[in-house]
Structures are given as C-alpha cells and as structure tokens.
Amino acid sequence: MTEISPPMIDDELPDAARHATAAGVLQCLTMLAEETVNLNLPRTMLALRKAIRACQAEQARPVPVLRPRRHVVLH
C-alpha cells in the first residue's frame, strides 16, 4: 500500500492567504468542538477547545519580519 504524503505548503504565503487559512482551521475546530457537545464527548471537547485557544493565540501574534534567504555553500 502506498502512503500519501501531505501536500507541501509554502511558508511564504501572503498574509491574507495565511490569515484566511488560519480562520478556516479555527472554524473547523469550532464546529468539531460543538459536535462533541452533541455527542457527549467531554474530553475530546476539552482537547479541541485547548487547540482553539492555541490557534487563536498564534493568530494574534505579530508576524515576524522574515530575513531574505541566503544560499549557503558548504565545501
């Protein structure tokens, strides 16, 4: 059986695309957390809420200024 690897993600996405992606992930986590309430899965709900808080904190952090990439040649 062949293993499917996840698609490569460009670290240098524009801020708008990165923000939209993060917002989509947060929306999915929120919907999953709501569904865990309906299914009476308190530990899963707690884990999802912790993930939501971590994502929100990460999204609130200022975007660091990236230094230009330098090519390094080792001899």
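How many helices and how many strands does the secondary structure of the protein chain come to? In this predicted model, where local features need pLDDT of at least 70, side-chain atom pairs count only at pLDDT 80 or more, and totals for chains, interfaces and linings use all residues, the chain comes to 2 helices and 0 strands, helices (H or I, at least four residues) and strands (E, at least two) being DSSP runs numbered from the N terminus. Residues are numbered from 1 along each chain as its sequence is written, and side-chain values use heavy atoms, with hydrogens and water left out.

Of the 75 residues in the protein chain, 9% are buried, a term that stands for under 20% relative accessible area, with exposed meaning over 50% and partly exposed in between (1.4 Å probe, protein chains only). The chain exposes about 7,300 Å², of which carbon and sulfur atoms supply 62%, the areas coming from the Shrake-Rupley method with a 1.4 Å probe.

Helix H1 has 24 residues and reaches 35 Å from its first C-alpha to its last, close to the 34 Å expected at 1.5 Å a residue, where the expected span is 1.5 Å times one less than the number of residues. Its buried residues are Leu26, Leu29, Ala33 and Thr36. An α-helix has 3.6 residues a turn, so residues three or four places apart point the same way. What covers the buried residues of H1 includes helix H2 (42–60).

Thr36 lies in H1 (residues 15–38) and is buried, with a relative accessible area of 6%. Not counting residues up to four places away in sequence, Thr36 touches Leu41, Thr44, Met45 and Leu48, contact meaning heavy atoms within 4.5 Å. H1 is followed by Asn40, whose phi is positive, near 55°.
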